[in-house]
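Please consider the sequence and the structure shown below. The paragraphs after it lead from the whole chain to individual residues.

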Amino acid sequence: MNLPQHSNRDLLINDLTQNKLGISFCMLKSRTDMFEPFLLRIYPWFTVRNQHFLALCILMTLFFPAQNAFSQVQPSEQSQNSSSSESAANAKVSQNSNSKSKTGPKGGLNSSSQIVDVRILSNQIICIVLDSTKDVLNRKEKKFNLPASLEKVAKVVPDWLKEKRAFYQVFSTWIDFRLEFVKKLEDNDYWTVNGTHPEQAVYWPQSIDAFPENSSDFPCPPKTIGLPRIADYVFLRLKKALIPGKPLHVQNSDEESKKLFFDDLSTICWSIKVNQVGYLASASKKIAYLGMWAGPMGAVDFSSFDGTAFQVYRWESGQKWNEGNATGTSLFSGKIKLRAAEKSQRFKEIPITGEDVYEMDFSDFKESGRFCIVVPGLGRSWPFKVSEDTYGEVFFTVMKGIFAQRCGIELKPPYSNWTRNACHLKSFRGGFPPEIPNSMNNWYNSDKYDKTSSGPVVQFGFRDSSGKPERIGTFEVIQCTKTQEKLEKITGGWHDAADFDRRTAHFEGTLDLCAAFEMYPEKFCDGQLEIPESGNGIPDILDEALIPVEFFKKTQTPEGGISGWVEQTSHPRHDRLPDLDDSPFYVSLPERNASLAYSSVAAYLGRLLAKFDKTKSAELIESAKKAFSWGLNPNNSIRGVKFEKTSRHDKIEETKTILFDQMEPLPGLRNGKANPFKVLAAIQLFLATEDNTYRERAKADDSLKEFYARGLPDDVSPFAFVTPLLNPKVFGEDGNSFLLSLARKEADLFIRGQSNLAYRTLWRPPDHTFYSNLSWGGIHAGRRAQFPLIVWRVTGEQKYLEAALLGLDWELGCNEMGRCLVTGLGSIFPVIFQHIMSEQDLFLEPYPGFVPFTFSMGIAPVAYKTLFGLIEGGHPSVKDFFDNSAFCLLPSLLDREGIQAELDKQPKIGDWTKPMSDIIKGKLEPIFPIMRRVFVHPYLVPQQNEFTIFESLTALAAVSAILIPDGWKPGPELKNRLPKTNFNDLPIYFQP
């Protein structure tokens, strides 16, 4: 009998966490602690027989009183108002280095009040933050009579129906109370501030998490539904300006209240935006900003502060993350100056920031240490560092995020205090072609692959037996071509994003890290990143860059071909960690483009490693040569793929024979002549071998124009320019001049945008055609600082370094929402995003070093139906308790009642929810600032909530690496960082 790989404790805690009986995990955890030795001794007997359900039933019978076994635990008034120290104790995560699993529930809201925060935005506008999650759950329990956990146990229904019912139970509860709730929030008489009603009250909803199915645990309890947890932000305009040195007491008619003491040196003013990690001491520009958008109230008025003083003080930390003081005397003073009025920040009449933005320039401040900005009459900023090694923290943290994406290894101390078991330890052979980029005639989800035929019959791509093109998805092809042949050795690589596939797109991540090393090799050393390879004599950044290369090297055929994709038959489930993911992985067919892409990075690394490990260097270069030759050979094009595809239409099952063949000519970028993978591989092989044949290959097909020029702005990596620019013998002086002119043109475009945008975002100017291409991380400074840093490296022109640093200021907190865009960095950072490990590992704090995409041009369609309206037709399975819903929840300033009247006139026929959503959209879009359109949920709206290893992580790691001192190493504080264990220590309620 083979025992499971997990420890007994891992299995028991995982099954309790997965909530297989729908019981409160908190209750189970407290009881299991009492009987842990016995439980752990008997539990394997059941698990090896796959009888987890039976095991839990027996344990429940033995140790839980019958009358309480399935009831919801209702915390007492005392527990609801427990101190934060008690909350921390309850949520504490074991840091035992020998433990592979995480113990303790994610910490819940610890107050019965819906008011979670009171914030100073200006001396006359404050913001009240409310969370009604507990109230909604309590109302739902009463409305449906039975706790959700009991319903799940009592009714033997399919999982999909349980999920539907949970979704609609919450939605139905919202319908009952939310419209009246928001009306109440906007009633001036509902609020008092120091005993006086405000002049105006306006609410604004913001999604902050997934809505929990039956527990208010925060953040992201293990079981959630496809609805957002909503925080309501109420902006109060006061009748009198706040006076520093006085208490502030906010109260509402429901006897909920919150107090704070308003003081210039200790009270956070959320309108002050700083780089929350810090500034280089030598930076030519150090700038903080002042500005705020107050929902439909619009831009907060700071005109009275224009020309007044701001000050820089040394920082003294408080006991909590949001506490602390400016201390001592002012070290620097400057003037507040208007940078951009709200009306000047527009894209096609849509507001970009929603703010009048003021700047505070302290460029002449050169001291090192931790500081904060103070604006007399408003308060202080979040703390920041000024030092020459400021970007070491960014580099190390993001590289740890990359390390956490490794597949097939256990995460454990000393390499990571966010622990996880090894995952995906085998693969199977597949029969599917790997995908290639859309700009190069991608054959999946398209019937336009075959460019050689203009008629209805084609010879190449996916087609039926008659030659008619067939549009087909990747998962469908993988399912139809999978085999049972195990490939035990093909493990490793980086997980792509929230999902776990590995693809040749990851070679761009290797390119990023190698380019940073090639630009400044003196900055990097062995032992720099605290990874398992530290101590092998190779700089750690190159060890990490090797991860996807070594993985795909395992797929290489004896002839040289490389498989380009290792994938499952569907996206993974969000309710289990990767080591519990039992969906097999399948290895794609070897493919020519994939082989050339592999060759480019294998040769690059082989060349860079020659100084540190000659044997590994030679192996990689030889492997790259074989892959290059195989990829160039047209005889190796994929031929003769054939499988049966079954589909259902109108209850009729149909089986088709599907064929696939690949065209022999290698595709060029955007239908050009030069194949980018061939160009990049030939460049690296030439420099690695000094064989002129490769240089001629690199220069063929007019590659400077057909690849480098045609690929701009976004289909060629900026770091693809590094090697030829630093090695003029590849293309010669004239070629290098051309490449530099291209790089400079791109850098100058983003600098022009930076000068036009209020927060100096390193992005295209608002009048540019591609300004709106924000999605999938396109706007992040890690990607946009690359060209300026390359031009700075080649020319030494300081304006390009200055532009890169100002862009990174935006990334790290000097932005519209005042958030650092990287988990674990700064004071306000993402806590909820699409990352299965962070959702399911039971650590309160997500893995540090991740960069969710965050911004996209449009408003997520789901927002019209759940945040700004309640629009839903209802699934047939829930018609016994759910009726059609069409309610407007826009703030009253946006004519909520008038829009509701329009909705009431609309017939509920056909696809009626979309036109009703469009009515709300028409009112919301003109006033909702682009850089605040963030819908947070761990799996809805992936273009905002997800990330990828190569689009957002390695790009920022490489850019920050360029800015570290030579030979930099992390101190103990960075190396030994532990996850936060108290929900009150996490910035969940970010400012919209």
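The structure is a predicted model. The chain has 992 residues, of which 61% are buried. Its secondary structure amounts to 30 helices and 28 strands. When contacts between residues at least 6 apart in sequence are considered, 74% of them join residues at least 24 apart.

Two pairs of helices may now be examined. Two packed helices are described by the angle between their axes and the distance between the axes. For helix α12 (residues 507-519) and helix α14 (residues 592-609), the axes come within 10 Å and cross at roughly 25°. Angles under 35 degrees count as roughly parallel, and therefore α12 is described as roughly parallel to α14. Their crossing is left-handed. On the α12 side, the contact involves Phe507, Thr510, Leu511, Cys514, Ala515, Phe517 and Glu518. These residues meet Ala594, Ala597, Tyr598, Val601, Tyr604, Leu605, Arg607 and Leu608 of α14. Sorted by class, the contact of α12 with α14 contains 12 nonpolar, 1 polar and 2 charged residues.

The second pair consists of helix α13 (residues 540-553) and helix α15 (residues 614-632), which pack at an angle of about 60° with their axes 12 Å apart. This angle makes α13 oblique to α15. The crossing in which α13 passes α15 is left-handed. Leu546, Val549, Glu550 and Lys553 of α13 form the contact with Lys616, Glu619, Leu620 and Ser623 of α15. By class, the contact of α13 with α15 comprises 3 nonpolar, 1 polar and 4 charged residues.

Attention now passes to individual residues within helices. Leu805 belongs to helix α23 (residues 798-811). Its relative accessible area is 7%, and buried means under 20%, so Leu805 is classed as buried. Leaving aside residues up to four places away in sequence, Leu805 touches Leu280, Ala283, Tyr391 and Leu963. The C-alpha atom of Leu805 is separated by 8.0 Å from that of Ala785, which is 20 residues away along the chain. Gln900, in helix α26 (residues 896-905), is likewise buried, with a relative accessible area of 13%. With residues up to four places away in sequence again set aside, Gln900 touches Ala886, Phe887 and Cys888.

Most residues other than glycine have a negative phi, and most peptide bonds are trans. Asn194 is not a glycine, yet its phi is positive, at about 50°. Asn194 is located in the loop between β3 (191-193) and β4 (200-212), and it is partly exposed, with a relative accessible area of 44%. Glu530, also not a glycine, has a positive phi of about 55°. The loop between α12 and α13 holds Glu530.

Finally, there are cis peptide bonds to consider. The bond from Pro413 to Pro414 is cis, with omega near 5°. Pro414 is in the loop between α10 (390-404) and β19 (427-429). Leu712 and Pro713 are joined by a cis peptide bond with omega of about 15°. Pro713 is situated in the loop between α18 (703-709) and α19 (722-726).

Conventions
Residues numbered from 1 in each chain as written. Predicted model: local features only at pLDDT ≥ 70, side-chain atom pairs only at ≥ 80, totals over all residues. Heavy atoms only, no water. Axes fitted to C-alpha atoms, helices over the stretch in contact; angles between N-to-C directions. Helix = DSSP H or I, 4+ residues; strand = E, 2+ residues; numbered from the N terminus. Parallel < 35°, antiparallel > 145°, perpendicular 65-115°, else oblique. Left-handed = near helix turned anticlockwise from the far one by under 90°. Contact = heavy atoms within 4.5 Å. Nonpolar A, V, L, I, M, F, W, Y, C, P; charged D, E, K, R; others polar. Buried < 20%, exposed > 50% of the residue type's maximum accessible area, 1.4 Å probe, protein only.
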